[in-house]
Amino acid sequence: MNDETSTWRGSGLRLAGYGHYYPRTRVEITDEGSHEGNAVDTAVIGTLDVRARHVAEEDETVPFMAVQAAGRALEHAGLDAADTDLLILSNWTDRQFVPEHGPQVAHLLGAGRALAFDVCGACTGFVHGVQTAAALLGARPGWRTAVVVSSEQFSRRVRPGSRGELVVGDAAGAAVLVKGAAGGEDGLWDSLLISDGAARETVTVLPPRGWIKSSRSLVDVAVASHADLADRVLARAGLKMADIDWVVPHPGTGVLHRAVQERLGIPGERFVTNFEERANTGSASIPIVLSEMARDGRMKPGDLLLTPTVGSGWYYGGLLFRA
């Protein structure tokens with residue numbers, strides 16, 4: 001990939017609609033002291049910044065939540081599911097060998113002719129999905145519409161009774177990527193996804209129980225990754241952080257948010273998460289916030305957005321686009 005220029009600027013690719021779904025059960029955080037903490041929790045989580053989170057019921061499966069979010073994104077874009085050429089589902093919290101979730105989601109959505117498949121990349125899954133969709137839309141002349149949906153049950157990947165249980169939740173978020181006429185300054189400007197296997201032990205989720213385990217170095221590694229991502233993407237676009245209207249990161253923990261803001265010099269009013277009210281929802285977090293911003297009017301045509309994220313692997317990346 002060329003590190004000198006933005007990848008998609010002027011390509012005609014744009015994010016045309018957003019949707020999200022929260023499970024019915026909302027859990028208020030009222031007794032922080034009932035959950036165990038340790039030295040790693042102190043370094044990674046710090047003070048608890050979450051007031052509530054959502055937990056999926058048995059019928060709110062990964063495909064079910066994905067269909068709700070994707071349907072709302074298509075409706076927001078003014079498009080019909082039957083016109084979808086490509087559907088990409090990101091999920092890491094409830095994976096299975098086969099079949100993948102993507103084809104079922106496409107079927108239930110009414111997007112029967114779409115090519116559908118899953119991607120992972122942990123919490124970078126939405127960026128992974130949009131980058132993959134952009135590449136495929138660019139490579140297939142007849143394709144015009146892609147749905148990228150992220151659906152996670154993060155509550156299943158933490159040890160019950162641990163402090164980590166208080167900062168994660170379940171949800172789904174989706175975006176519709178469309179290809180129009182090339183040229184112009186709106187739409188997707190850049191996407192970048194980087195892997196670093198040397199940092200693979202920073203966050204692990206291993207058998208048999210599949211509970212997440214973070215290392216004490218997580219915040220340092222994540223902050224360095226955010227800084228590298230921002231430096232690369234802004235340099236390729238010829239921008240400075242002051243040129244960005246909204247920074248919409250994947251929410252990790254309150255400690256990480258404050259460290260990223262300080263390192264990159266991002267004013268609090270332009271750094272947008274819903275971590276306090278919804279917790280960490282994995283790869284679904286970024287499209288959910290974009291959906292909320294589009295619906296409440298914060299995201300306006302012409303706004304420039306950067307969406308940095310990190311995930312186990314070690315992966316880090318982000319999108320740069322003009323609304």
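Analyst: This is a predicted model. Of the 323 residues in the chain, 56% are buried.

User: What radius of gyration does the chain have, and what would a compact globule have?
Analyst: The chain has 18 Å. A compact globule with 323 residues would have a value near 20 Å, so the two agree.

User: What does the C-alpha trace span along its principal axes?
Analyst: About 55 × 45 × 40 Å.

User: How many helices and strands are there?
Analyst: The chain has eight helices and 13 strands.

User: What share of the contacts comes from residues 24 or more positions apart?
Analyst: Such pairs make up 79%, counting contacts with a separation of 6 or more.

User: Switching to charges. How many positive and negative side chains are there?
Analyst: There are 31 positive and 39 negative side chains. The centres of the two sets lie 2 Å apart.

User: Now one residue. Where is Gly302?
Analyst: Gly302 sits in the loop that runs between α8 (285-296) and β12 (304-311).

User: What does Gly302 touch, leaving out residues up to four places away in sequence?
Analyst: Gly302 touches Asp245, Arg322 and Ala323.

User: And how far is Asp186 from Gly302?
Analyst: In sequence, Asp186 and Gly302 are 116 residues apart. In space they are 6.8 Å apart, C-alpha to C-alpha.

Methods:
Residues numbered from 1 in each chain as written. Predicted model: local features only at pLDDT ≥ 70, side-chain atom pairs only at ≥ 80, totals over all residues. Heavy atoms only, no water. Helix = DSSP H or I, 4+ residues; strand = E, 2+ residues; numbered from the N terminus. Rg over C-alpha atoms; globule rule 2.2 N^0.38 Å. Buried < 20%, exposed > 50% of the residue type's maximum accessible area, 1.4 Å probe, protein only. Contact = heavy atoms within 4.5 Å. Lys, Arg positive; Asp, Glu negative; His and termini not counted. Charge placed at Lys NZ, Arg CZ, Asp CG, Glu CD.
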